[in-house]
Each structure stands twice: as C-alpha cells, then as structure tokens.
Amino acid sequence: MKLFPQELSWLAFNERVLQEAADNSVPVVERMRFLGIFSNNMDEFFRVRVADVRRRIFLAQSTEEHAASEPLMAEIQQRVLALQDKFEVIYKDVLKALLRKNIRVIDEQHTTEQEREWLSTFFREKIKRYMVPLLLGPNTDLIKAINEEATYLCIEVCHGDSIRYAALEVPTDEFPRFIKLPFKHAKRQKRVILLDNVICLRMEDLFQGIVPFDSLRAFSFKLTRDAEYRLPYDIEQSVLEQMEEGIRQRFEAEPVRLVYDAEMPRNMLFFLHDKLGLTSHDSLVPGGRYRNTRDFVSFPNVGHKSLVNPPMQPLEHPHFTKHRSVFEAIAAQDILLYYPYHKFAHLTEVVRQAAYDPLVQSIQICIYRVAKLSRIVHSLVEAVNNGKKVTVMVELKARFDEEANIEWAKHMTQEGIRVIFGIQGLKVHSKLLLIRRRHPTEAEQSQLFAHIGTGNFNEKTAQIYTDFSLFTADEGICRDVEQVFQYLEAPYKRFNFDHILVSPVNLRDTLERFIDREIAHAQQGQRAEIFLKVNNLVDPRIIERLIRAARSGVRVRAIVRGMCALRIPTDVRGSIEIISIVDRFLEHPRVYWFYQGGKEQLYIASADLMTRNLDGRVEVASPIYNSQLQQQIKDILELQWQDNTKARVIDAEQKNDYRKRGNRRKIRSQIAIYDYLKADTKRLQGDGHD
C-alpha cells in the first residue's frame with residue numbers, strides 16, 4: 001500500500017485555497033483575503049510540517065529514514081516555489097480586479113503630492129514612535145531578535161564606500177497593514193497603501209542625524225521557525241511553569257524558512273542567510289515586494305458591499321426558542337446545531353443560564369481554543385460566584401494557543417474555578433460540556449445535560465467554521481460523558497463507554513470493527529456503504545482497511561478538506577471516491593456513517609482519522625440516536641456530495657480538478673445547506689409546540 005505523502009497532500013489542500021483566490025466568481029475582496037489565508041496556512045505548514053521533515057533529516061536513526069526524508073524535502077521546496085509563483089500571478093490579477101471596482105492599491109512611488117504630505121504627517125505623528133531600527137553588526141543575534149509573527153524590512157545603509165544593514169519591524173500590532181487614503185480621486189477611485197510603503201516613503205526620517213547615510217534601500221523579509229518544543233518535566237515545576245518554559249524555547253527555535261523580496265540584492269540575501277544560520281535544508285522563498293501576506297486576511301472593503309460575500313443570517317433553532325429555558329428544550333428532545341448556519345449564541349446561552357439557574361449544581365467543560373473575549377468563560381466565572389461547582393479542563397498544548405490558554409487557566413483559577421490539565425502525553429481535543437441539575441420535581445434526583453461537538457467553544461471561529469453541536473439529556477450518553485471527565489483525572493482506572501467512542505480507549509477499535517462488518521456484508525452480497533467526512537485522512541491502518549473494503553465491494557465515499565494520504569489504487573477507482581470542498585466557510589466537522597446492514601451507525605466526532613487523534617489524544621465521537629437528526633446529517637452530507645461548484649476530486653495524484661458538472665444544475669453545497677436548514681426551521685416553527 002503506497003500512501004500519498006502527508007506533507008505534499010497538505011500543499012495540495014493549500015493549492016485549493018489558492019484556487020479560491022484565483023476564482024473570478026468569488027467577490028474580489030474575498031479573493032484578496034483568500035491570499036491571506038493561503039499565506040497563513042503556509043506559515044503553519046513550515047512551522048509544523050516542514051520543521052518535522054527537517055528534524056527527521058538531521059536526527060535520522062537510519063540511512064533508510066534519512067534517504068526517505070531528503071527527496072521529500074526537495075519536492076516540498078519545489079512545490080512551495082511553484083505555489084509562490086502562482087500566488088504572485090493571482091495577486092497581480094486581484095489588484096487588476098480591484099482596480100476595475102475603483103479600488104487601487106498603490107505604493108509610495110505612485111502617491112500624489114497631496115497624499116505624500118498627508119502620509120508624512122501620519123508617519124511623523126503616529127508611526128515613527130514605534131520604529132526602532134536594529135543595526136546589524138558582527139555580534140547581533142538576529143535569530144533571537146527577530147519576531148516571526150512580524151513583517152520586517154532589511155535596510156541597506158550606504159555611506160561612502162561602506163554598506164551596513166539594519167532590520168526594521170513593521171508595527172502591524174499598532175496599525176492596520178492597509179491604510180485608506182482620505183482623498184477623493186477621479187472616477188471616485190478609492191486608494192489604499194500598505195503600511196510598509198508608508199515607512200519606505202519616510203525612511204530617511206528614522207536615520208537622519210543619527211546614523212550617517214548617503215542612500216537607503218529597503219526590502220521585505222519574513223522568518224519562520226520550528227514550532228516544536230520539548231517540555232521540561234521537572235517534578236518541582238507546575239504544569240503551567242513547564243508550559244511557559246516550553247514556549248520560551250519556541251521563540252528561540254531554529255529558522256526553517258526565509259521568505260524575501262525577489263528584488264533583494266544578493267549580498268543582502270547572503271548576509272541574512274549567514275546571520276540566520278540557514279542550511280541547505282531550509283527554504284529560501286523569493287516572492288513579490290510584500291512578505292507576511294497573511295495580513296491580507298484583513299484587507300478592508302472600501303467599496304460596494306457586493307465586493308464581499310453577502311451576509312448569511314444565522315438561524316435560531318425553534319426547539320430552543322419555543323421553551324422557557326434551555327434545559328426544558330434539551331430535556332424534551334436532542335437538539336443538533338450546525339454552525340455557522342445556526343446561532344452559536346444558543347450554546348453560550350446554555351452556559352449563561354446554567355451559571356445562575358438555582359437547580360444547576362455543577363458544570364464541567366473541556367477548553368481547547370476559546371475566543372479572546374469569551375462569553376463562555378465569563379459565564380463560568382459567574383457560575384462560581386453563584387455557588388456552582390465548576391471544573392474546566394484546559395488543554396495547554398493546543399498548538400499556537402498555548403500562551404492564551406495559560407493566561408485563561410491563571411485567570412479562571414484566580415476566580416475560583418477548578419482547573420485541571422488532563423493526561424500527561426495526551427492532548428485533550430474533545431469538545432465536551434456536562435451540566436448536573438437537580439430534578440425540578442424530584443428534589444432527591446438530578447439530571448445530566450451534555451454537549452458533544454466537532455468544534456471549539458469559540459465564538460469567533462464559529463462564524464467561519466462549519467461544525468456540529470449535539471445537546472442531549474440521554475442518560476446513557478451523559479453517563480459516558482461524565483466518565484470522560486473522570487478518566488481525565490484518573491486515567492489509570494478502567495472505564496467502559498457504552499455509547500460514545502473515546503480515543504485512545506475504544507475509538508480506533510470500534511471504527512475498525514465497523515469497517516470489517518461492512519466488508520462482511522459486502523462479501524455476503526448485501527448493501528455495504530461507508531461515508532466519512534473529516535479534515536484529514538492519513539492513518540495507515542484505517543486507509544488499509546478502507547482499501548480492503550472497496551476491494552470487497554463496499555462503496556466508500558469521503559469528504560476530506562485537508563490531508564489525504566489515501567492514494568486510490570487503480571483496481572478500486574469507482575469504489576472509493578474522495579472529494580474536497582473549499583468555500584467561504586472552513587469545513588471542520590467529522591462524521592462517520594456506516595450502513596451496517598440497515599442498522600445505520602452515525603457519529604459526529606472531534607477526531608480526524610490520523611494516528612495522533614486515534615492513539616495520542618483524548619477525542620470523543622457521539623452516536624446520533626434521534627432518527628430525524630440522523631436524517632438531517634445524512635441530507636447535509638448528500639448535499640455536499642452533490643456539490644459541483646466548490647468540490648474538487650481527490651485522485652491518486654491530487655491534481656485538484658474541479659468536479660465535472662456536465663448538464664446538471666449548479667449546486668454549491670454551503671448555499672444549499674443554508675437553504676435546507678432555513679426551510680427546516682420554518683417547518684419546525686410551523687409544527688408549533690410538540
């Protein structure tokens with residue numbers, strides 16, 4: 001079984017993002033923002049994926065491992081350069097498309113006298129105070145001094161026969177990267193300039209009278225570091241102290257990529273290469289004038305509203321709105337939300353009501369990523385003030401959110417919340433909430449209410465990520481969720497989960513058993529089907545079983561947004577079909593659907609089909625028992641399967657060809673799903689109080 005390399009599959013996914021930026025049917029400001037998403041993805045790719053390949057080269061335990069990693073790194077570098085070339089072409093096309101909509105992005109060379117006067121004042125009064133050039137000398141530790149989150153200009157300072165260099169951080173923490181110029185122009189043209197260009201326009205002001213120069217030239221660059229770090233397990237240190245020390249290691253981690261203005265003089269590039277200690281295994285990526293283009297995500301719409309996606313008003317779920325309290329609603333029947341089509345405010349309302357409901361006794365929740373201003377955390381604090389017992393499992397190792405989660409953990413502890421940190425060696429990635437509430441009529445009894453989701457408790461990402469949330473009072477599921485929280489505190493005990501699937505306890509074994517059953521049904525001539533929706537499909541054991549299933553006659557369908565290591569063999573093409581959908585919302589849910597001889601098993605989950613999720617994290621998959629909710633999820637999956645607008649075929653070479661539409665009507669699944677849920681909402685509202 002030959003797998004498609006994960007790293008190359010990840011680049012194929014990011015190429016699909018770039019395709020959205022190239023798509024003329026996408027509103028032009030959104031196209032610019034997709035360029036930013038592509039760049040942000042590429043940053044993470046180098047920090048995590050490329051850094052891992054680099055470590056495998058340097059730390060290889062065998063010649064075979066080294067021999068496998070070297071050509072992979074070479075192919076990664078080749079494909080990255082090809083994608084960067086595409087990026088530059090698309091960026092120029094987007095600028096032309098903006099110009100057709102009377103928005104012009106200019107540089108300092110194309111400013112009018114009036115604009116230069118305004119920008120000079122703006123620089124002097126607003127920007128200059130944040131600018132401190134770093135003069136680069138023989139003893140400057142550039143690796144330590146550079147902040148990889150920032151954009152830098154490398155400045156060539158010429159004086160007489162000497163040339164020296166300085167690094168200057170563009171203060172994007174203090175100012176937006178794009179500045180709209182406040183002047184009217186012919187044809188009502190709106191003009192936008194990058195902060196980088198404003199600095200280049202008045203760069204002489206920084207050096208005049210301080211550093212002698214005859215001429216100055218500036219070229220942008222950006223550094224990417226290895227995001228991995230090793231935690232120091234010192235018995236005298238708390239978990240928080242260990243994490244804080246580990247994060248400090250990341251800031252000093254080795255560079256893995258330098259992106260730079262292709263016009264940069266070779267002597268300057270060689271200077272940066274040496275100062276940063278780059279090797280032949282590190283990527284040097286030339287590009288256009290502007291680096292750190294992930295800031296393009298925030299490109300402002302200074303034109304007509306048609307230049308961005310039309311708003312899609314989130315739907316209220318009738319089962320919540322027709323009851324006096326959220327607990328009455330959930331007790332009446334299971335409720336399924338699908339964000340961002342449904343209001344995330346329903347979830348925050350559950351926590352808010354729990355915070356002061358006199359019958360609520362305790363709240364337990366797993367936090368992986370939360371919003372910067374989290375209403376959920378605010379409600380948890382108020383719950384403590386109202387005498388509730390609140391326990392929060394905070395995952396400190398949530399990649400790139402470690403610092404934020406450390407601060408949240410400190411804040412919640414200070415407010416009286418009981419904070420736990422899970423199991424050493426296992427990330428807790430499950431999206432669980434459990435509320436214990438006294439029975440309203442039988443005082444000696446209590447009820448459990450659970451939430452199991454595919455996404456984080458994060459108000460911000462819920463606006464752009466699609467995710468399922470199940471709210472249930474089912475006794476069996478709730479008891480299992482209660483056991484998960486016990487497991488997090490006492491993993492040495494034996495737990496039996498009768499309903500939910502939990503990794504690393506029973507999730508992998510159950511999925512493999514379900515696949516084997518489909519194989520058995522197919523071999524008996526019965527209908528056998530598997531439908532998976534995940535972010536990543538890379539686990540070798542699961543892939544091997546899926547291929548075996550297809551060879552046995554099982555129909556295997558998968559919607560995989562990101563990495564897919566399953567290289568479909570020629571003998572099962574048609575039996576295994578895989579598509580990927582990239583559109584205005586990021587497809588994030590995980591769903592496992594098995595036909596099982598007509599006794600269908602359908603789960604929503606937090607776990608991708610990756611070895612780390614199945615064996616190295618605490619993940620939860622919940623069955624959907626309500627037949628109406630089962631049908632709703634199946635309908636949503638089928639609408640996505642019919643997508644012929646934003647769906648790409650994932651073939652053996654991952655060429656990212658769009659699905660052929662033929663003479664079928666145009667189906668864009670994210671729009672079709674909204675229409676479907678909107679109609680379903682009206683139907684439920686029309687049913688009245690059932």
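The model is predicted, and local features need pLDDT of at least 70, side-chain atom pairs count only at pLDDT 80 or more, and totals for chains, interfaces and linings use all residues. Residues are numbered from 1 along each chain as its sequence is written, and side-chain values use heavy atoms, with hydrogens and water left out.

Start with the overall division. The chain splits into domain 1 (9–307), domain 2 (318–491) and domain 3 (502–687). These bounds come from an automatic or database domain assignment.

Now look at domains 2 and 3. Their C-alpha centres are 27 Å apart. Contact here means heavy atoms within 4.5 Å. By that rule, 37 residues of domain 2 touch 38 residues of domain 3. The two domains bury about 3,100 Å² between them, and 69% of that is on carbon and sulfur atoms. Buried area is the accessible area (1.4 Å probe) that two parts lose on being put together, summed over both.

What holds charges across this interface? A salt bridge is a side-chain nitrogen of Lys or Arg within 4 Å of a carboxyl oxygen of Asp or Glu. Between domain 2 and domain 3 the count of salt bridges is zero. Polar contacts do occur: 12 residue pairs, both at pLDDT 80 or more. A polar contact is a pair of N or O atoms within 3.5 Å; within protein, one must be able to donate a hydrogen and the other to accept it, and residues adjacent in sequence count only if both atoms are side-chain atoms.

Next, go to the strands. Helices (H or I, at least four residues) and strands (E, at least two) are DSSP runs, numbered from the N terminus. Two strands pair if DSSP finds at least two bridges between them. Strand β4 (residues 162–170) runs antiparallel to β2 (residues 134–136), joined by three bridges. There, L135 stands opposite A166. Strand β3 (residues 151–159) also pairs with β4 in the antiparallel sense, over nine bridges. C154 has A167 as its bridge partner in β4. β3 and β4 form a hairpin with two residues between them. In the turn, G160 has a positive phi of about 65°.

Finally, return to salt bridges. The rule counts 53 of them. One joins E20 to R648, with the closest N and O atoms 2.9 Å apart. E20 lies in helix α1 (residues 6–22) and R648 in strand β26 (residues 647–649), so this pair ties together parts that are 628 residues apart in sequence.
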